[in-house]
Amino acid sequence: MHHFEDNELTALLQAAYDRNRLHHMLMLACVCHGMRVSDALSLTSSDVQGASILVNKSRLKRNAPQLQSLHISENYLFDERALAVHAGRTPKNERLFPMCRQRADELIRRYGKEAGIPAVKCHMHTLRHTCGHVVFNTSHSLSQVQQILGHRSVNTTLVYLQEAERSKGLISLQRGLEA
């Protein structure tokens, strides 16, 4: 499973930011919160509470909604304050990102091409994989990755981390859990 390297993610977000701030916010929500594109596209103005909380509802898996902090950063490419502003300007219960999944996939392919990212990586779901990869490399906590991605089974989380395992030469998480 693919994930974006730091330089690729920065280039992708920059390309989206330069063309359309709404597209940038969509991609940022996916990567910061590990959201599936369908969940991100379902976000409404009511899912952003104040200037700091996002209610992440996994509609596909019917998990309980998670309250997650919006990411505040000095780097404008990774700062979600614009999402709170956008939600505040969007009528109550209206979708924040009024597009279909196919359009979102077209956009990431276009911005990925502009950013020089291999086409094989240019899918919206790669943002979710990138979130899992970053969380694992930062925390080294399988349970934290499982929580953020909303997986019910640790086995699903392990699938997401197989590439990180291979690329880093880490001891198999599966064997570690079985021991």
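Visitor: How does Leu22 count by relative accessibility: buried, exposed or partly exposed?

Guide: Start with the scale. Buried means under 20% relative accessible area, exposed means over 50%, and partly exposed lies in between (1.4 Å probe, protein chains only). Leu22 counts as partly exposed because its relative accessibility is 21%. Keep in mind that this is a predicted model: local features need pLDDT of at least 70, side-chain atom pairs count only at pLDDT 80 or more, and totals for chains, interfaces and linings use all residues. Residues are numbered from 1 along each chain as its sequence is written, and side-chain values use heavy atoms, with hydrogens and water left out.

Visitor: What share of the residues of the protein count as buried?

Guide: The share is 47% of the 179 residues.

Visitor: Where does Leu22 lie, and which residues is it in contact with beyond its sequence neighbours?

Guide: Helices (H or I, at least four residues) and strands (E, at least two) are DSSP runs, numbered from the N terminus. Leu22 sits in helix H2, residues 21–33. Contact means heavy atoms within 4.5 Å. Setting aside neighbours within four places in sequence, Leu22 contacts His86, Leu96, Phe97 and Pro98. Leu22 and Leu83 are 61 residues apart in the chain, yet their C-alpha atoms are 8.5 Å apart.

Visitor: How many helices and strands does the protein have?

Guide: Nine helices and three strands. Along the sequence, the pattern reads α-α-α-β-β-β-α-α-α-α-α-α.

Visitor: At what angle do the axes of H2 and H6 cross?

Guide: Two packed helices are described by the angle between their axes and the distance between the axes. Axes are lines fitted to C-alpha atoms, for helices over the stretch in contact, and angles run from 0 to 180 degrees between N-to-C directions. The axes of H2 and H6 (residues 124–139) cross at roughly 35° and come within 6 Å. The contact is made by residues including Leu26, Cys30 and Cys32 of H2, and Leu127 and Cys131 of H6.

Visitor: How many disulfides does a search of the whole structure find?

Guide: A disulfide is a covalent bond between the sulfur atoms of two cysteines. The test is a pair of cysteine sulfur atoms within 2.5 Å. The search finds zero. Cys30 is too far for a bond, because its sulfur is 9.7 Å from the closest cysteine sulfur, in Cys32. Cys131 is in no disulfide either; the sulfur of Cys32 is the nearest, 7.6 Å away. Cys30 counts as buried because its relative accessibility is 1%. Cys131 is buried too, at 4%.

Visitor: Which residue's backbone oxygen lies 3.3 Å from a polar atom of the Gln146 side chain?

Guide: That of Arg152. Gln146 lies in helix H7, residues 142–149. Gln146 is buried, since its relative accessible area is 19%. Not counting residues up to four places away in sequence, Gln146 touches His151, Arg152, Ser153, Val154 and Thr157.

How values were computed. A polar contact is a pair of N or O atoms within 3.5 Å; within protein, one must be able to donate a hydrogen and the other to accept it, and residues adjacent in sequence count only if both atoms are side-chain atoms.
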